[in-house]
Amino acid sequence: MNIETRKLTLEDYDDLKESMLQAYDTLGGQIWSKATISRLLKLFPEGQLCIAVDDKVVACSLSIIVDYDEYGDKHTYQMITGAYTFSTHDPNGDTLYGIEIFVSPEFRGLRLGRRLYEARKELCESLNLKSIIAGGRIPGYHEFADRLSPRQYIDKVKAKEIYDPTLTFQLSNDFHVRKVLKNYLPGDHESKEFATLIEWNNIYYQGIDASARSAKTIRIGLVQWQMRLFPDIAAFYEQVEFFVDAVSGYKSDFIMFPEFFNTPLLHPYNHLPEMEAMRKLAEHTAEIVERIQQYALAYNVNIISGSMPILENNKLYNATYLCHRSGKTDEYRKIHITPNEQKYYGMVGGDQLQVFDTDCGKIGILICYDVEFPELSRILADQGMQMLFVPFLTDTQNGYTRVRHCAQARAIENECYVAIAGCVGNLPKVNNMDIQFAQSAVFTPSDFAFPTNAVKAETTPNTEMMLVVDVDLHLLDELHHFGTVKILKDRRKDLYEVRLLK
């Protein structure tokens, strides 16, 4: 017999399902769906453990990380799991919360449960989490419920006067009972819907020191770019590097350029129809991105490269690039194309939306018109976005007002920071790029910890300049948990949802 403790994978689901059906027979055969297991594996793959006997999964342990102070000792299973969506998982939390552990009845007696508990403890220690907490069933209680209270029953199990198959095992694995929970798991008739709130303390927990807190303060630099003609592309690079040098000199973590900030390079193609001219400009994009990535490395700063046209399979997209200071490059393509982009340039929208992991937290990027569609930002927020970057280009004050107010709404409704950066000035010798209006800014949520107008800082309108702003990610954590209102948590997920279809 070969026994292996390892991380669970989605390919294990068929074996997992068979073991669950056997283990959950007394709970009506309710099991976790494949979609639910898939969601857990995407959110927290390290926390989903299993034991395979001769390559067949026969035992499993599922976990999430939570900030326990947010829920306290009176929570229910539905509450702690976010109504089984696991939206409560917080990578920055302090507690490993056990949401499931079982062993197939066929393999009980091999001490597989002990192996899973030991693996959980090792995970808790390696992640520097304060403790493991779980709601534990007391399946033997129904035999004594007519003469013992839950507390009396637990005391007798502790004294080894009564054997409970779950609680006795947990106590023997160094867990202690913090509290008795009522109505914790509806349908658990054996436990009379009572549960023990059990805890194992990590004696190696180090807490969070001041240096970790300072790492939560992120400096953002925005470039309000003056549209001007350049004699050649070398002069364009010189101006880009000037701003990278200047903003990075303030030790910024991010620099963002505006949408279509490279369109002055359209000037040599002004004799062509707009659609053909933009396709010619797209020929420069790969070179420009490569140069900006070199600046990100040389100046040790993450750069959001505004946006530029790219041509792929004879389709023209509006794309931005996140050039990490580590050398990695990510791409985002504008999803919602404006009528003018369609009419004059023949552009099409992208179909990929994701949060990007950076050395300063999780960020989202939307381009101009995209920010006017709240669904996109909400999906990014559900993926853990803390900062949203929006390069934009607007020719009229009406257009700017739409971008500004929608961006500010996104900050409030998604409890995140939103930075917008645009172009200013005129390009009289470039078709359809002749007039610009912008006022770049960083917006915040609206609560006591933030500015009363929810504007962290903003530039002078229609003036070339840079804006350097510090944002504190700790304030977002506190808002999520203790804000005057908790917009993300108070959504009626039983009534509606926003999700990607592909």
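Helices (H or I, at least four residues) and strands (E, at least two) are DSSP runs, numbered from the N terminus.

Before moving on, two notes on what you are viewing. This is a predicted model, in which local features need pLDDT of at least 70 and side-chain atom pairs count only at pLDDT 80 or more, while totals for chains, interfaces and linings use all residues. Residues are numbered from 1 along each chain as its sequence is written, and side-chain values use heavy atoms, leaving out hydrogens and water.

**Stop 1: inside α4**

Which residues of α4 are buried? Colour Leu112, Gly113, Leu116, Tyr117, Ala119, Arg120, Lys121, Leu123 and Cys124 to see them. Buried means under 20% relative accessible area, exposed means over 50%, and partly exposed lies in between (1.4 Å probe, protein chains only). An α-helix has 3.6 residues a turn, so residues three or four places apart point the same way. After α4 comes Asn128, with a positive phi near 55°.

**Stop 2: the cysteines**

Stay with Cys124, which is buried at a relative accessible area of 0%. How far is its sulfur from the closest cysteine sulfur? That sulfur belongs to Cys60 and is 18 Å away, too far for a bond. Now select Cys323: this residue is in no disulfide, and the nearest cysteine sulfur, in Cys360, is 15 Å away. Cys323 is also buried, with a relative accessible area of 0%. The structure holds 0 disulfides, a disulfide being a pair of cysteine sulfur atoms within 2.5 Å.

**Stop 3: two loops with a positive phi**

Most residues other than glycine have a negative phi, and most peptide bonds are trans. Go to the loop between β11 (308–312) and β12 (315–323), where you will find Asn313. Although Asn313 is not a glycine, its phi is positive, about 50°. Is Asn313 buried or exposed? With a relative accessible area of 70%, Asn313 is exposed.

Next, pick Cys368 in the loop between β15 (361–365) and α12. Cys368 is not a glycine either, yet it has a positive phi of about 45°. At 6% relative accessibility, Cys368 counts as buried.

**Stop 4: α12 and its neighbours**

Now show helix α12 (residues 374–382) together with helix α13 (residues 397–414): their axes come within 10 Å and cross at roughly 35°. Axes are lines fitted to C-alpha atoms, for helices over the stretch in contact, and angles run from 0 to 180 degrees between N-to-C directions.

Where do the two helices meet? Pro374, Ser377, Arg378 and Ala381 in α12 meet Arg410, Glu413 and Asn414 in α13, with contact meaning heavy atoms within 4.5 Å.

The buried residues of α12 are Leu376, Ser377, Arg378, Ile379, Leu380 and Ala381. Their cover includes β13 (329–333), β15, β16 (387–391) and α13. Just after α12, look for Gly384, whose phi is positive, about 100°.

**Stop 5: Tyr84**

Finally, select Tyr84, in the loop between α3 (77–80) and β4 (95–103). Tyr84 counts as partly exposed, at 35% relative accessibility. Leaving aside residues up to four places away in sequence, Tyr84 touches Trp32, Arg39, Tyr77 and Gln78.
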